[in-house]
Amino acid sequence: MSAFNKYIQEQTNLLIKKANNLEKREQRVFVYNVTILTIYGFQVAVPVIISIFLGTFLDRIWDIPHLSWTLNCILIGFILGFYNANRWFYNAIELQKHKKHIRKQKK
């Protein structure tokens with residue numbers, strides 16, 4: 001057996017051990033929850049950041065005394081971000097239900 005094959009075998013065994021460790025319920029739930037919160041946060045933050053840039057650009061082009069394009073765009077960014085994040089969240093829940101249903105049918 002060559003050194004490369006030994007290295008691959010060691011790395012495979014290491015990955016299997018790590019996968020088995022992640023199978024523990026507490027670790028898996030924690031990682032899943034952190035992932036969900038991170039994705040949810042990014043899906044809200046990205047439209048808000050884009051809307052800030054758009055609002056400041058519009059404020060420079062059309063300077064209307066009693067209207068702040070930036071604040072209006074931030075509000076629209078929050079609405080779009082939360083809508084998108086909630087839509088993604090509910091789709092993820094439906095996908096999990098579908099996977100559980102398929103597992104039950106296989107048994």
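1. The model is predicted, so local features need pLDDT of at least 70 and side-chain atom pairs count only at pLDDT 80 or more, while totals for chains, interfaces and linings use all residues. Residues are numbered from 1 along each chain as its sequence is written, and side-chain values use heavy atoms, with hydrogens and water left out.

2. Leu54, Phe57, Ile61, Trp62 and Ile64 make a nonpolar surface patch of about 500 Å². Patch residues have over 30% relative accessible area and no salt bridge; nonpolar side chains (Val, Leu, Ile, Met, Phe, Trp, Tyr) are joined within 5 Å, like charges within 9 Å. Areas come from the Shrake-Rupley method with a 1.4 Å probe, and for residues only the protein chains shown count as cover. Tryptophan 62 lies in the loop between helix 2 (25-61) and helix 3 (69-106); helices are DSSP runs (H or I, at least four residues), numbered from the N terminus. Tryptophan 62 is partly exposed, at 48% relative accessible area (buried is under 20%, exposed over 50%, partly exposed in between).

3. Side chains of opposite charge can pair when their charged atoms come close. The whole structure has one salt bridge, defined as a side-chain nitrogen of Lys or Arg within 4 Å of a carboxyl oxygen of Asp or Glu. Glutamate 94 forms a salt bridge with lysine 97, with 3.9 Å between the closest N and O atoms. The two residues are three apart in helix 3, so about one helical turn separates them. Glutamate 94 is partly exposed at 46%, and lysine 97 is exposed at 51%.

4. The largest pocket holds about 260 Å³ of space. A pocket is an open set of points on a 1 Å grid where a 1.4 Å probe fits, with protein on both sides within 12 Å along at least five of seven lines; lining residues have an atom within 4 Å of a point. The lining consists of Tyr32, Ala92, Leu95, Gln96, Lys99, Lys100 and Arg103. Helix 3 gives the most to this lining, with six residues. By type, the lining has three nonpolar, one polar and three charged residues.

5. Isoleucine 36, in helix 2, is buried at 13% relative accessible area. Isoleucine 36 and phenylalanine 89 are 53 residues apart in sequence and 8.2 Å apart in space, C-alpha to C-alpha.

6. Isoleucine 79, in helix 3, is exposed at 53%.

Methods:
Buried < 20%, exposed > 50% of the residue type's maximum accessible area, 1.4 Å probe, protein only. Points joined across faces, edges and corners; volume = space filled by probe spheres on them. Nonpolar A, V, L, I, M, F, W, Y, C, P; charged D, E, K, R; others polar.
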